[in-house]
Amino acid sequence: MYCKIRYQITVFFVGTALLLQSCVDSGTFDPPKEDCTENTDIPVTFAELQKRYVDQTVRIQEDLTIVGYVTSSDSAENFYGTLHFQDSPNNPTAGFQIAVDLRDTHLFYPIGSKIFIRVKGLYLGKSKDVFELGGVFTSFGNTSVGRLPATQLDAHLLRSCEMADMVPTVVTIEELSNAQTSTLVTLTGIEVDSSELGKPFAIETEETKRLLIDCADNELYLLNSGYSEFWDEPLPEGNGSITGVLLREEETFYLAVRDLSDIRFSDTRCEDVVDTFSSRNVFISELADPDNNTGARFVELYNSGSESISLKGWTLGRYTNSNTEVGAVIDLSDLSIGAKGTLVISPDILEFEAVYGFVPDLGVGSNSPADSNGDDNLVLIDPFGELIDIYGVIGEDGSGTAHEFEDGRAVRNTWVTEGNPVFTPEEWTIYNDTGAEGTIEQPQNAPGDFTPGTRD
């Protein structure tokens, strides 16, 4: 069953002798009268409707109906001109939005309303990779989806007398997907980023983004209207859950709350939880400058510990030749290194895979610390700026010294189990093309003379 929505508009005329002190705001209507009847439309899925779109805005010519459950509300004026809905009150598979020229949509389509959208005559398009329905907007000959005039709503949007209890999908920031766009979601373990604390939800009259963050430093923006009832309220401190309609522009997600009751931050903030670690169990285990292929160079790190270690905040630096200032740095923050495991860094991913038969853990560019020609010095630095391990002597060009590995290989002896902030040649077996004191004059060729990914 659905309710036909009848909008009552009162028009006032100005006479020559009498000026009536009455007016009606544009797009504002009396609450609808309900006339429930049986629905006989056979709906199609959101996906079936979306197939009608092919690279440009299109006017639907078929008698099609889709069914949705309203997720948004403009009761606190944080939404305007757009009605969001999903294909099921719980565990939805898709969401949609329709642009409407109507204020106070919450009076006509409260949250949880089951609605039937008859799409014949409506326009289907995409804006920033998000599907939308509505009227037509034309500019300089280009057609896009515009707001559906209020006078046409009764022909296209039919509200069932059925009301559903909307159950938000509980999800993490990392789990957000495009299919959840326009659906109702709840995120837990969320807090306002410390850089935003003390600010209001929005700047007056401006759409404003405020950064949310979880305990793993994943980020999501809260989108707030500068016309909302709560625009000047201070952002909440603490940590907790937040419910809202998931919005998207291309690959960027945003969350918009219906009102402040959607935010429940009563837990302790997690921003100060320690998530950076130091350990001397991580060290440089192999350096490669193959005589036959400079594209097969690499640096290998090893973790001798019994637990995986996050490398958040760790860096690998290179001092070129005799320079005393670091010339190139690799940020290892996005990586971790498993227990008794290696981490291989290559300056040329494609060549590395072609030579050694597997993809390195990290690909970096030429002239990076992983692209040394054998006479440079490397340092491994932890998140607190402490030198954990070093290869070579800073300020000394490696050519002809006990740390030259030009056209060769430097491999850490297996009895070494932790990093050393002082270069100790005895910890290494070093091959090169000169045979300087303490090294082996024996150029090495890839792949046979190297063992990336294996501690030996």
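Predicted model: local features only at pLDDT ≥ 70, side-chain atom pairs only at ≥ 80, totals over all residues.
Start inside the protein, where the structure holds 1 cavity of 30 Å³ or more, a cavity being a set of points on a 1 Å grid over the protein atoms alone where a 1.4 Å probe fits but cannot get out. Residues are numbered from 1 along each chain as its sequence is written, and side-chain values use heavy atoms, with hydrogens and water left out.

Select L287, A288, F298, V299, P369, A370, D371, S372 and F405, which line the largest cavity, lining residues having an atom within 4 Å of a point. Two or more of these residues come from each of β20 (282-288) and β21 (298-303), strands being DSSP runs of E with at least two residues, numbered from the N terminus.

Next, turn to the largest pocket, with about 970 Å³ of space; a pocket is an open set with protein on both sides within 12 Å along at least five of seven lines. Select F79, Y80, G81, T82 and E207, the closest to its centre of the 30 residues that line the largest pocket.

Finally, select V359, in the loop between α4 (349-356) and β27 (362-363), helices being DSSP runs of H or I with at least four residues.

Definitions and conventions:
Points joined across faces, edges and corners; volume = space filled by probe spheres on them.
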